[in-house]
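This report describes selected elements of secondary structure and how they pack. The sequence and model are shown first.

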Amino acid sequence: MALHLEAFSPAEGVGIVRVDNKLRLVSPPYSRSGSALLREESLSDAIVKHGFSSSDVVFNSWEEVIDYLNTKLIQVRSELGQEIPDSLHARDVIEITPAPVLARFMDKVEKESIPSGRFEQAEDFLIAVLNSNVMTQAPEIAKTAAELLQRSKEQQEHSEGGVEELEREDTRFESLERHSQVEESTRVAKIIKKRHCVFAPC
Amino acid sequence: MKTVTFYSYKGGTGRSLALANCAIYLARLELSVVALDFDLEAPGLHYKFSTNSEGKPLPVKAGVVDYLHKFMVDGEIPSSLKDFTIDLKVPGSDKPLATLIPAGRAPSPEYWSSLARINWHDLFYAKSAKGVELLLDLKSRIADELQPDFLLIDARTGITEMGGVATTVLADEVVCLVLPTQENLEGARAVMRSLRKSRRETDLKQLEMLIALSRVPPAREREGEKEITSKIQRFMNEEAQDLRDRSPVLKCSSYTANKPWKRANPSGSAVA
């Protein structure tokens with residue numbers, strides 16, 4: 001069985017695999033049974049809209065696919081980790097950093113870290129700024145840090161939601177359709193999803 | 001088709017046997033029955049309906065777990081229910097008794113492996129989850145393809161996803177078997193209250209609920225069956241703080257081994 005990894009997001013460990021001519025989404029926590037079927041157009045959406053990298057790597061088993069995604073995930077995270085200073089030390093450094101230099105760092109966060117999806121790195125830095133004496137010494141920089149933190153969080157949510165937004169293959173429940181029960185079933189399913197428990201807490 | 005789910009908060013109440021007896025009782029009234037084994041972690045209906053004198057189970061090709069697995073792994077809904085059903089006959093005749101949809105080929109390594117690979121979160125709670133629709137569709141298909149008068153579901157004990165769907169989503173009536181112990185009664189009452197709340201939240205028709213008291217120990221028989229059942233009925237109907245409804249919803253009856261419709265043979269199966 002050939003498994004073609006068509007696209008993946010290394011920072012999230014998510015991959016889109018073509019197997020038996022069907023597209024499947026593989027995401028942590030990995031389990032083959034949990035891999036959802038995707039519509040064909042989701043592949044281009046993933047690359048164009050959600051920043052997935054295209055790929056042409058072929059594997060022989062799901063284990064190999066998962067190993068590969070795991071390796072990429074660890075690699076990306078460790079690269080980010082090397083750049084992330086310990087937040088306590090960062091605060092000490094920030095407090096002795098001249099305002100113009102700090103402003104350049106903020107600029108880097110805004111133009112590089114957030115757009116490239118390095119949200120953890122950005123947030124660690126921004127939180128360190130907000131925990132330092134910059135709040136009182138340079139309120140303008142503190143205000144920018146707060147705005148960037150908000151933006152980083154929003155973009156992170158949007159980015160994570162992107163995987164969920166990829167259109168799944170539609171399943172047709174023909175018996176429900178015949179009896180006009182699709183709408184009611186979907187409504188009940190939505191309530192259960194929202195509650196995150198089949199039984200209502202009582 | 002009326003759907004009756006047999007539920008118990010704790011195990012050992014004789015729930016599956018009660019369901020099998022009920023199926024036989026309905027068959028005697030010439031009503032057609034489908035029995036569905038949703039107790040996936042400890043399935044047993046294929047034993048209860050067996051007529052084998054040594055207690056061997058009915059031969060099972062596939063069941064509920066295979067149905068779920070096909071949907072989750074292959075993304076397909078099986079085209080027919082035929083592969084998942086066993087037609088039961090009245091022993092010694094060709095007369096239909098019931099149709100069984102077993103949980104699967106349990107106990108076998110393949111069964112446990114398939115069960116372990118079902119991701120309940122993905123089936124019911126993920127954004128793209130379709131588990132509720134899948135099981136409502138299964139119920140609808142049973143009504144269409146098998147056309148029974150009754151669908152009897154053997155639900156898992158405690159609080160599980162499949163037990164929840166069998167009681168809160170699929171059932172028209174819930175028979176809750178309890179032992180007369182505090183942990184049984186308090187657990188069962190909490191679940192029954194939760195079912196009422198679930199049905200309100202989902203705007204589905206309220207459930208009929210029946211508490212069936214099982215295995216009253218001889219020491220308590222002195223109290224008298226009527227006293228015990230009415231005491232339990234009062235306990236079950238105590239007003240819940242967040243369910244502002246005092247109308248009694250739970251009828252209570254006792255289910256003991258000497259009831260005339262109990263036909264258990266020594267192997268533990270229900271088929272006489």
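## Basis

This is a predicted model, in which local features need pLDDT of at least 70, side-chain atom pairs count only at pLDDT 80 or more, and totals for chains, interfaces and linings use all residues. Residues are numbered from 1 along each chain as its sequence is written, chains are lettered from A and ligands numbered from 1 in the order in which they are written, and side-chain values use heavy atoms, with hydrogens and water left out.

Helices (H or I, at least four residues) and strands (E, at least two) are DSSP runs, numbered from the N terminus.

## Sheet in chain A

Five strands of chain A form an open sheet in the order β4-β3-β2-β1-β5, with antiparallel pairing; two strands pair if DSSP finds at least two bridges between them. From one strand to the next the twist averages 30°.

Within this chain, β2 (residues 14–19) of chain A and β3 (residues 22–26) of chain A are joined in the antiparallel sense by five bridges. Opposite Gly15(A) stands Val26(A) in β3(A).

## Helices α4 and α5 of chain A

Helix α4 (residues 99–113) of chain A packs against helix α5 (residues 119–130) of chain A at about 155°, the axes being 10 Å apart. Axes are lines fitted to C-alpha atoms, for helices over the stretch in contact, and angles run from 0 to 180 degrees between N-to-C directions. α4(A) is therefore roughly antiparallel to α5(A) (angles under 35 degrees count as roughly parallel, over 145 as roughly antiparallel, 65 to 115 as roughly perpendicular and the rest as oblique).

On the α4(A) side the contact (heavy atoms within 4.5 Å) involves Leu102(A), Phe105(A), Met106(A), Val109(A) and Ser113(A), and on the α5(A) side Gln121(A), Ala122(A), Phe125(A) and Leu126(A).

The 21 residues of α8 (residues 182–202) of chain B should span 30 Å at 1.5 Å a residue, and its end C-alpha atoms are 30 Å apart, which agrees; the expected span is 1.5 Å times one less than the number of residues. Just after α8(B), Asp203(B) has a positive phi of about 60°.

The axes of α7 (residues 161–169) of chain B and α8(B) come within 9 Å and cross at roughly 65°, so the two helices are roughly perpendicular to each other. Thr167(B), Thr168(B) and Val169(B) in α7(B) meet Leu195(B), Ser198(B) and Arg199(B) in α8(B).
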